[in-house]
Amino acid sequence: MFIDKVRINVKGGNGGAGCMSFRRESHVPKGGPDGGDGGRGGNVVVKADASVSSLIEYRFKHHFKAERGTHGRGSRMHGAQGEDMILTVPVGTVIHEYNEETGETGELIADLTHDGESVIVARGGMGGRGNIHFVTSKRRAPAFAELGEPAIDSWIELEMKLMADAALVGMPSAGKSSLIAKMSAARPKIADYPFTTLVPNLGVATSGDYSFVVADIPGLIEGAHEGKGLGHEFLRHIERTALIVHVVDLTGDYEGRDPLEDYEIINRELALYADELANRPRIVVANKIDVPGTEEIIAKLAERVRADSVAAAGGNEFAPSPIDPKLYQISALTGKGVDALKAAIAEKVHELREEAREMMANDVQYDHVWEHKREQRERRFRVQKLSDGIFRVTGGQVERMVVQTDWTNEEAIIFLQHRLKRMGVDDALRKAGALDGDEIRIVGRAFEYESANRAIEDYEELDF
Ligand SMILES: Nc1nc2c(ncn2[C@@H]2O[C@H](COP(=O)(O)OP(=O)(O)OP(=O)(O)O)[C@@H](O)[C@H]2O)c(=O)[nH]1
Ligand SMILES: [Mg+2]
């Protein structure tokens, strides 16, 4: 089965807790702090792998979690980092954020177009710091450590888009499957009824020194861009093929159609689906030349293709055009003309690949860009006045700082208050009208607002 879109839940490993411990030696009655840090939790990484051909692995299993970091221990022993969880996907997988509640697809995370390319989709939590970090000149024996940072879980959408170099498109029964079978080792079903092909077939074709991947797409019909027939699903796949090979049935077999009209309909459907498809490099093929009586229609079609080629070049006959001016005449049944067509496709694909390689220099670093956006979003917080004397603070980082605090330890709480102040939470509360003694709520915890918190000054010299 052909699985091309899945939604999965990913969660990094939780960070291990920092340790609160003091050195104990027989001859030293009260040693210094020696609690080690907790280990960082593992990340969930999505990685493109050329040996993976579908997303089927993610069809039934939807939850993926990386390993947690272990806790720090005494004698300055740090906890171990959690293992990353690597999810392999086919080359050509596009990853988006996904909102499980609303069912909406969000921000683009990455478009993995090369073998080995990877992106972190869920970060592991940071390990908590052990008490050795909280020593100051005034505080020789900090009796607290940080808890590990809990990792956040989120949903992502993996979508596999075919990474074929060339796609065979055309009306049902035009002979697309017959052609891919003649060009490559692919052996799709071929039959004389429409919509024989239900999912795309891929094949590798070789001509001279070049090889290319060709896709046989299910037949398109009028209205495909609006979802008629099987069209829309598969137009999506063509979005990423460099070259469109438009196969026209000279006999108009399917519903006794007029081949020229068919040609126009397919062109129109591609253009209606997306502007870029209208201008995608294209080769037009006239199939079934073995059937007698097609000379007239071949001549007409050849003339039309030439005219379209010139029009696509802005009316200039000598300018390069995305449409090849030549009409390739073949019989997918006897094989006549197929080698010449294959050579033309191979050459065009080679040319397009070279162009793409040059463009790659300006490629976006998705990991970086998405990561940056996510971090900024994390750092933002919001103050809301719930009622007189009660405020709520929400925001990724603020909430995690609260969760990482050991609430049984007063020193740890004071330390947290200091961090919140450093982040500007106190200022924001003051601006929102908070007064001494007001209640401040952050993820299920309540604090009392104190504009001048003397206890905090104790920690001023620490570097957070
Ligand atoms: N005479 C002749 N018949 C052909 C030729 N190419 C394909 N056919 C026939 O046309 C019919 C449809 O061929 P397919 O290859 O299944 O067509 P398709 O474009 O893949 O069709 P769908 O998968 O339904 O979109 C079959 O009966 C083929 O044998 C050709 O060059 N000459
Ligand atoms: Mg077919």
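A: Ser387 has Ile390 of strand 16 as its bridge partner. The model is predicted, so local features need pLDDT of at least 70 and side-chain atom pairs count only at pLDDT 80 or more, while totals for chains, interfaces and linings use all residues. Residues are numbered from 1 along each chain as its sequence is written, chains are lettered from A and ligands numbered from 1 in the order in which they are written, and side-chain values use heavy atoms, with hydrogens and water left out.

Strand 15 (residues 382–387) pairs with strand 16 (residues 390–394) in the antiparallel sense, over five bridges. Strands here are DSSP runs of E with at least two residues, helices are runs of H or I with at least four, and both are numbered from the N terminus; two strands pair if DSSP finds at least two bridges between them. The hairpin of strand 15 and strand 16 has two residues between the strands, and Gly389 takes a positive phi near 80° there.

Strand 16 also pairs with strand 17 (residues 439–442), in the parallel sense and over three bridges. In strand 17, Ile440 stands opposite Phe391.

Helix 8 (residues 396–403) and helix 9 (residues 410–422) have axes that come within 10 Å and cross at roughly 170°; axes are lines fitted to C-alpha atoms over the stretch in contact, with angles from 0 to 180 degrees between N-to-C directions. The two helices are therefore roughly antiparallel, the word for angles over 145 degrees. Val398, Met401 and Val402 of helix 8 make the contact with Leu416, Arg419 and Leu420 of helix 9, where contact means heavy atoms within 4.5 Å.

Key: Angles under 35 degrees count as roughly parallel, over 145 as roughly antiparallel, 65 to 115 as roughly perpendicular and the rest as oblique.
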